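Biologist: Please take me through the fold of this protein by way of questions and answers.

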Amino acid sequence: MVVAAVAAAVGAGVAGWGYWYFSKDLPRIDSLGDYKPPLITKVWDRDGKRLLASFFDERRTLVPLDRVPKVVIDAFLAAEDDGFFKHGGVDYLGILRAVFKNVFSGRKMQGASTITQQTARAFLLTKEKTYVRKIKEILLTWRIEERFTKQEILYLYLNHIYFGAGSYGVQEASRHYFGHDVESANLAEAAMLASLPKSPNNYNPLRHPKDAKKRREWVLDMMANKGFASAAAVSDAKAKGLTLVEGSNPYLDVAPYYAEHVRRMLEEEYGRNTLYRGGLDVRSAVDLRLQAAARVALKRGLERVDRAQGYRGALFRCETALDLKTLESRLAARPLKSGFMWDLASLRAEHLASEAGFNLAVTAIQPGPGQQVGGRISKLDLKAGKRKNGKIGHIDFGGGFSGEVDLSERAWQKPLPGNMPKVWGKGQRPYSKLKVGDTVLLDLLGIEDKKLKLRLAQKPRIQGALVAVDPRTRAVVAMVGGYDFRESPFNPAGLCVQTDRLCRRVTQPPLYTGNPDLRCAKSVSQRRQRQHLETQKLCRRFRG
């Protein structure tokens with residue numbers, strides 16, 4: 001009896017000392033009660049219906065637990081912790097199983113973490129796999145279970161964990177992978193969401209569809225085995241599979257120059273931390289109908305000016321027979337899905353040096369009107385009069401897709417309005433600059449039975465800017481700062497708007513070109529030139 005009492009006392013002392021030792025530097029759990037994670041700042045159009053851009057450090061939108069469907073909650077319980085509502089936060093039998101398995105395997109294979117433990121780790125600890133961290137995780141789990149209800153813990157967990165592709169929380173994960181809110185998730189989608197926390201990057205269904213499918217079907221089987229879904233519903237979900245969406249970037253696709261100008265204004269006004277983590281909801285003045293018209297007008301105008309200077313030549317030319325043979329062999333070796341064709345617009349000589357570089361430069365696309373693609377000339381027909389259209393280039397895109405392009409189009413020699421000068425080139429038509437095997441840039445105008453309607457194109461050297469201001473409200477309703485934001489994010493239109501704010505008046509936007517020697521003064525009336533000079537004087541006086 002005495003020995004037993006002494007042993008019990010020693011054991012209690014060791015346990016008490018261990019609790020004190022591991023608890024003395026534990027983080028406080030108060031932050032969980034006032035949960036304010038980094039959120040997305042969203043910029044909308046003037047009607048508040050179309051997303052213009054989003055800025056974030058972590059792409060997250062909080063969703064209340066009552067808006068998360070039961071099927072989603074059940075999927076997470078089946079995959080991560082089916083006894084969540086029964087235990088006190090720690091699955092002791094699961095920990096013992098994991099310890100024995102890790103000991104016999106000689107490495108850490110299992111962690112046996114419940115949802116509460118995962119929440120403690122995600123908020124308050126690191127991801128290092130050590131027994132010290134595991135002990136601290138258990139101690140924090142006890143405190144969390146004492147402080148919060150199961151529903152509150154589940155709310156924190158579902159909104160905080162990482163789902164891959166920059167998405168945090170079930171709401172943004174559902175939007176990114178499926179294109180809709182989590183409220184609309186079905187059984188298969190719920191299983192996919194629940195499969196991601198274990199390894200978000202390895203089970204990303206867009207990047208690793210086979211591994212993601214295996215994991216998703218395992219979650220579905222667990223739901224059936226643990227009574228969260230019927231066998232018939234699980235079989236139906238497996239048969240139907242998933243409908244995934246490729247997430248678009250509204251920042252680049254809708255109004256990039258306008259969105260970038262708004263971003264700069266917000267950062268100046270509120271600071272970077274608030275912009276990228278504060279979850280602001282911003283209504284801009286942009287009218288997307290006018291914005292689209294402005295983009296088209298500026299693009300067509302710049303292309304017209306550039307085309308009149310003459311054709312500059314192919315995007316890429318194989319200088320040696322070895323280069324041409326390498327290109328053809330690598331294209332033939334790469335598999336091409338039905339309905340796809342090759343886009344060679346990014347291909348350059350250095351990409352032929354390695355297979356990895358070649359694969360990055362050459363992409364497979366599904367053709368559609370409005371695209372700008374790169375294609376190889378497989379044949380030239382330069383005999384004048386043989387065809388009604390004149391000199392023709394035959395283009396082969398692979399995958400059975402082909403087309404013909406006019407190489408003698410008069411637009412490459414057409415005079416410019418207002419006696420604008422031609423600064424570079426001599427109005428060369430394309431057929432004088434091309435040969436078989438060249439890669440050229442093409443506008444895809446239409447498609448019929450794998451026959452593409454094409455027009456030869458080239459990226460303009462000239463740049464321009466356009467700002468549209470509502471004279472009644474002084475709101476900037478459209479802004480385009482150049483031909484292509486991806487290639488030239490510099491925004492002279494934004495500088496014009498800033499100048500207008502300084503001078504408190506609407507000014508004539510200055511013409512910006514990539515070539516400082518280009519003079520288009522003749523196309524601007526003398527009256528507008530005088531107005532512009534007067535405005536500049538006012539601006540200098542205001543700044544002085």
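Predicted model: local features only at pLDDT ≥ 70, side-chain atom pairs only at ≥ 80, totals over all residues.

Biologist: How many helices and strands does the secondary structure of the protein come to?
Modeller: The protein has 544 residues, of which 44% are buried. Of the contacts between residues at least 6 apart in sequence, 67% join residues at least 24 apart. The secondary structure comes to 19 helices and 14 strands.

Biologist: Which residues have the most contacts inside the largest nonpolar core?
Modeller: In soluble globular proteins, nonpolar side chains tend to be buried together. Here the largest nonpolar core has 50 residues. Among the helices that each supply at least two residues of this core are helix 3, helix 7 (150-160), helix 8 (169-178) and helix 10. The residues with the most contacts inside the core are Phe-76, Leu-158, Phe-163 and Val-170.

Biologist: Leaving aside neighbours within four places in sequence, which residues is Phe-163 in contact with?
Modeller: Phe-163 belongs to the residues with the most contacts inside the largest nonpolar core. With neighbours within four places in sequence left aside, its contacts are Phe-76, Leu-158, Tyr-168, Gly-169, Val-170, Ala-173, Tyr-177, Leu-193, Leu-196, Pro-197 and Pro-200.

Biologist: Is helix 3 roughly parallel or roughly perpendicular to helix 10?
Modeller: The axes of helix 3 (residues 70-80) and helix 10 (residues 209-225) come within 9 Å and cross at roughly 95°. Angles of 65 to 115 degrees count as roughly perpendicular. Therefore helix 3 is, relative to helix 10, roughly perpendicular.

Biologist: How many nonpolar, polar and charged residues has the contact of helix 3 with helix 10?
Modeller: Helix 3 contributes Val-71, Asp-74, Ala-75, Ala-78, Ala-79 and Glu-80, while helix 10 contributes Arg-215, Trp-218, Val-219, Met-222 and Met-223. By class, the contact has 8 nonpolar, no polar and 3 charged residues.

Biologist: Is Asp-449 buried or exposed?
Modeller: Asp-449 is placed in the loop between strand 11 (439-448) and strand 12 (451-457), and its phi is positive, near 55°. Most residues other than glycine have a negative phi. The relative accessible area of Asp-449 is 71%. Since exposed means over 50%, Asp-449 is exposed.

Methods. Residues numbered from 1 in each chain as written. Heavy atoms only, no water. Axes fitted to C-alpha atoms, helices over the stretch in contact; angles between N-to-C directions. Helix = DSSP H or I, 4+ residues; strand = E, 2+ residues; numbered from the N terminus. Parallel < 35°, antiparallel > 145°, perpendicular 65-115°, else oblique. Contact = heavy atoms within 4.5 Å. Nonpolar A, V, L, I, M, F, W, Y, C, P; charged D, E, K, R; others polar. Core = buried A, V, L, I, M, F, W, Y, C linked by side-chain atoms within 4.5 Å. Buried < 20%, exposed > 50% of the residue type's maximum accessible area, 1.4 Å probe, protein only.
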